[in-house]
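Q: Walk me through reading a model like this one. Take it feature by feature.

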Amino acid sequence: MSVLDPLVRAWHLVRRPLTHRRLPYVLLNRLRPSRRGLIVDGSTRLVVEGPMRSGNTFTVAAIRSANADLRIARHLHAPAHILQAVHLGVPTIVLLRDPAEACTSHVIRRPALALADSLRDWIDYYRTLRPVRDQVVVAPFEVVIEDVGAVVDELNRRFGTSFHRYENTPENDAQVLRTVERMNRAEEPTGAVNEQRVARPSDERDERKAGLRRELEVPPNAELLAAARTVYADWMAVGVRPAGDVDQTPEDSPSNA
């Protein structure tokens, strides 16, 4: 643990309420030069947002690979950012990942935080956005990884846009992952890929997540995870499904075949 970790965690907890308040959050972030290219404004054509480790970077890179020079607001990980996008009427994707997976990965990227911190953030994120849920496209992590095109199709249907469809072929996905690694290198002082932070699968992270999953079984994490799973199920009910995935009637289901 870094000697700065307690200060980092304290700052995170202090600023958390701000991330839920639309106008103060937007105004303060527009004063930060590093955020001006990320936050939604009148020139934004699409917003892609979700808690950290929910497929943000892959989704942005995939959609941009099929839509060159598309102005996408992204990577602020604050519900206030989505509230502003809805206020402005900008087409918006809200990413959704299983809270156990998202939160264990989050604390690996942000080691100053406890699992309970991440779980509370995750719950508050989606509860804050619940009143505007029908004004965004909800994109589950598994759909993004397998069929970004289905998400784009739903965007075009819902908002009357004409974004080009991304196809999840092995070649396209490999190119997107190379882009993801370039984005990671640009953030790192050494210019090397950081396996704790890069937004793609990592064997090194998987080893650490195994230990963190055991921590999810003890209080207060277990209770928070149960609450998060209730929120997750509620949002999954309206999530985009892969193209061709249709509900089966009881007569058509495999168990009755």
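A: Start with a charged pair. Glu 167 and Arg 165 form a salt bridge, with their closest N and O atoms 3.1 Å apart. The term means a side-chain nitrogen of Lys or Arg within 4 Å of a carboxyl oxygen of Asp or Glu. This is a predicted model, in which local features need pLDDT of at least 70 and side-chain atom pairs count only at pLDDT 80 or more, while totals for chains, interfaces and linings use all residues. Residues are numbered from 1 along each chain as its sequence is written, and side-chain values use heavy atoms, with hydrogens and water left out.

Q: Which residues are linked with Arg 165 and Glu 167 in a network of salt bridges?
A: Side chains of opposite charge can pair when their charged atoms come close. Here Asp 147 and Asp 153 are linked with Arg 165 and Glu 167 in one network.

Q: How many salt bridges does the structure hold?
A: The count is 13. One of them joins Arg 71 to Asp 41, at 3.2 Å from N to O. Arg 71 sits in the loop between α3 (56–66) and β2 (72–74), and Asp 41 in the loop between α2 (22–30) and β1, so this pair ties together parts 30 residues apart in sequence. Asp 41 counts as partly exposed because its relative accessibility is 23%.

Q: What does the salt bridge between Arg 130 and Asp 234 tie together?
A: First the geometry: their side chains meet at 2.8 Å, N to O. Arg 130 lies in the loop between α6 (115–129) and β4, and Asp 234 in helix α11 (residues 221–236), so the parts tied together are 104 residues apart in sequence. Arg 130 has 37% relative accessibility and therefore counts as partly exposed. Asp 234, at 30%, is partly exposed as well.

Q: How is the length of helix α6 read?
A: Compare its span with the expected one, which is 1.5 Å times one less than the number of residues. Helices here are DSSP runs (H or I, at least four residues), strands are DSSP runs too (E, at least two), and both are numbered from the N terminus. α6 has 15 residues and reaches 22 Å from first C-alpha to last, close to the expected 21 Å.

Q: Is α6 mostly covered or mostly uncovered?
A: Mostly covered: eleven of its 15 residues are buried. Among them are Leu 115, Asp 117, Trp 122, Tyr 125 and Leu 129.

Q: Where does strand β3 sit relative to the rest of the structure?
A: Check burial along the strand. Five of the five residues of β3 (residues 92–96) are buried, so the rest of the structure largely encloses it. Thr 92, Val 94 and Leu 96 point one way, Ile 93 and Leu 95 the other.

Q: Which strands pair with β3, and in what sense?
A: Two strands pair if DSSP finds at least two bridges between them. Strand β1 (residues 46–49) pairs with β3 in the parallel sense over three bridges. Thr 92 of β3 is the bridge partner of Val 47. Strand β4 (residues 137–140) and β3 also pair in the parallel sense, over four bridges. Leu 95 has Ala 139 of β4 as its partner, and Leu 96 has Pro 140.

Q: Are the faces of β4 covered or open?
A: Both are covered. Val 137 and Ala 139 on one side are buried, as are Val 138 and Pro 140 on the other.

Q: How compact is the whole protein?
A: The secondary structure comes to eleven helices and four strands. The radius of gyration is 18 Å, close to the 18 Å of the globule rule for 257 residues, so the protein is as compact as a globular protein of that length. That radius is taken over C-alpha atoms, and the rule is 2.2 Å times the number of residues to the power 0.38. Of the 257 residues, 48% count as buried.

Note on methods
Buried means under 20% relative accessible area, exposed over 50%, partly exposed in between (1.4 Å probe, protein chains only).
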